[in-house]
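Hi everyone, thanks for making the time. I have one structure to walk through today, so let me put it on the screen.

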Amino acid sequence: MSTHPVPVEYARQTNLTEAQYRKLYDRSLRDPTNFWSEMAQKFVTWYKPWDAVLTGSFEKLNMAWFKQGKLNAAYNCLDRHLGTRSKQAAIIWEGDNPDEVRHITYAELYEDVCRFANVLKKQNVKKGDRVCIYMPMVPEVVVVMLACARIGAIHSVVFGGFSPEALESRILDADCHMVITANEGLRGGKVIPLKKNVDEALINCPQVRKVIVIKRTENPVSWQEERDLWYHDLMKTVMPQCPPEMIDSEDSLFVLYTSGSTGKPKGILHTTGGYLVYAAVTHHYVFDYHDGEIYWCTADVGWITGHTYSVYGPLLNGATTLLFEGVPHYPSFSRFWEIIDKHKVNIFYTAPTAIRALRREGDQFLQGTTRESLKLLGTVGEPIGPDVWEWYYSVVGQSRCPVVDTWWQTETGGILISPLPGATPLKAGSAAWPFFGVEPAIVDDHGNEVADDQMGKLIIKKPWPGMMQTIYKNRDRFVAAYFKEFPGNYLTGDDAKRDSSGYYWITGRNDDVLKIAGHRIGTGEVEAALLHNADVSEAAVVAVPDEIKGEAIYAFVTLKVDIKPTEEIKKALIQQVRKSIGAIATLSYVQWADTLPKTRSGKIMRRLLRKIANNDLTELGDTSTLADPQVVDNLIANRLAVEESSRNN
Ligand code: WT7
């Protein structure tokens, strides 16, 4: 595997060398207290300093960062920048329609956040209350998030692509009493009926008293006089000043739902102090952010990447963050590159699935754009194959810009493994080295560290400031999901290997979590959706590789006796999953199965199903525990039929 040295042009302007990285990294492990104490003072402003940087441990599972410290997230993102940056754009917003652009200065964002914080107070939202945000990518989503933070309310952003059912379960789990939405969203020229989805979700959420609606389009929406309020009307009735609440470092800043391997999505709860320190520090070092640069992370705020690297990280560092409402292919496949030229973007951070889709369309879509403002490229969300990496590096970045392949998770709050631009020689397809304070290891099933170049399970041995606090109202699940398998260590759920130069190569999940176009979906959620259909007796879902989406959903479905498989049922099943979860969870393959392979104790053998779906039949492994070995042969015989049908589609 060849190594790319730091591009010459880049090396000249950067301020971190490989030797400095090593020195800082060593110190961060040797002396975490002083290391994080210095970082916390440098990157965040506190009302009151902490008593202890870190207390507790992974053994006792009682970790707390910057205990007794007091701060406010909105103050740190806005107020403290006003002296030097009031006229600088905090947000550049590019609408779905390229003619719609807004520049929002730090002073303007500050005033709007204060106003909306006053709106929340008037509506009787209190510190610690959960507020659900189901919005498109418009600047108001940042206003609303920071307004919650200003008064100490906990925001729960739900991605606008989730279905009413998925929204409902998240509102109920977090016990939200208020929902903030838009009448409609716009993406790729299409209208997303957000308010209508909220109306549907709220049929079963009687505790929600108020819905605040941003008017994004001119189309009318249905209205419940007692419950629904227009954002713009409310904003006219309040003052543009609102003193920030003093928040305890360990008070929660937000909850964000993500999928686990089984059960319902988990409400990942993040703290204020540790999270903010980690967001600012990682944003600064990984994106080598310098004053005046234009920074663009394409993630929707409905995901953790949007939280940490579209909103909190850049605003903490006084950056100009670009928010994009649309999609990479609208009006054409040149859209990303045109936006980069139009707004002179210096730092661009996106997902491998988008890069693959754009690469497939051909290089002609880059012609006519120069991308000369770019200095740095980043990716996140799934492994980026070396070929795709090389295209991103050489074609998009013209071999001038380092690529930071950043590995992290909703739970980790921020980036844990990534090259640092300038400091890390790059290897295409590797997330490279751990960030400061992060101590990863790769272990076998017994928890023993494996040798270089051996695959194993990725764990993290020590706490870091950005890590989740717990699962909302479910500490038992928090302990069981992350700390039971290897006590004293955080289990990531990913497989990886480390080469002899210390580079990490992360290959993907080793649990039943799927990554469909970078979106995290649990097989259990898809199976539960399939079982909603009255014709279905059993279902098992696995991932198969997909050229663009990375992974695609492959479902084995057993119908009830006397029900004959038909195209109609198949369509109904695809529809059912979209209804339960959202369009991001679209089944690519459905294989009818007379029965599923089970052990004698009745457990479905997913390992076998994965092999069958992937046509990987050379080594089926131990099948001696199967209740009926014939089942596997039948499934293999039918597997070919599935391939045929998808090719014809
Ligand atoms: C899972 C977490 C954290 C941002 C978005 C995803 C996969 C993430 C990489 C990468 C290989 C990656 C892992 C991880 N993943 N980044 N650079 N290389 N895999 O957050 O939805 O919580 O998903 O995404 O499998 O466990 P998420």
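How exposed is K70, in terms of relative accessibility? K70 comes out at 23% relative accessibility, so K70 counts as partly exposed. Here buried means under 20% relative accessible area, exposed means over 50%, and partly exposed is in between, using a 1.4 Å probe and protein chains only.

A word on the ground rules. This is a predicted model, where local features need pLDDT of at least 70 and side-chain atom pairs count only at pLDDT 80 or more, while totals for chains, interfaces and linings use all residues. Residues are numbered from 1 along each chain as its sequence is written, and side-chain values use heavy atoms, with hydrogens and water left out.

Back to K70, which forms a salt bridge with D248, with 2.8 Å between the closest N and O atoms. D248 is buried, at 17% relative accessible area. For the salt bridge itself, the cut-off is a side-chain nitrogen of Lys or Arg within 4 Å of a carboxyl oxygen of Asp or Glu. Searching the whole structure turns up 37 of these.

Here is another one: R85 with D291, where the closest N and O atoms are 2.9 Å apart. R85 belongs to helix α5 (residues 82–85) and D291 to the loop between α11 (273–286) and β17 (294–297), so this pair ties together parts that are 206 residues apart in sequence. R85 is buried, with a relative accessible area of 13%, whereas D291 counts as exposed at 58%.

Then there is R606 with E527, at 2.5 Å from N to O. That pair links helix α19 (residues 606–613) to helix α17 (residues 523–531), 79 residues apart. R606 counts as buried at 19% relative accessibility, and E527 is buried at 11%.

Now to a piece of the fold. Strands β20 (residues 376–380) and β21 run parallel, joined by four bridges; strands pair if DSSP finds at least two bridges between them. One of the partners to look for is T406 in β21, which bridges to V380. Together, β20, α15 and β21 make a right-handed β-α-β unit. Helix α15 (residues 386–396) has V388, W389, W391, Y392, Y393 and V396 as its buried residues. In β21 (residues 403–406), V403 and D405 point one way and V404 and T406 the other, and all are buried.

What surrounds the ligand? There are 17 residues, and the closest are D405, T406, T410, D494 and R520; the cut-off is a heavy atom within 4 Å. As for polar contacts (N or O pairs within 3.5 Å), a polar backbone atom of T406 is 2.8 Å from a ligand nitrogen. The side chain of T410 has an N or O atom 2.5 Å from a ligand oxygen, and a polar side-chain atom of R509 lies 2.8 Å from an oxygen atom of the ligand. Taken alone, the ligand exposes 560 Å², and the protein buries 96% of that; the areas come from the Shrake-Rupley method with a 1.4 Å probe.

How values were computed:
Helix = DSSP H or I, 4+ residues; strand = E, 2+ residues; numbered from the N terminus. Right-handed = clockwise from strand over helix to strand, strands pointing away. Polar contact = N/O pair within 3.5 Å; in protein donor to acceptor, adjacent residues only side chain to side chain.
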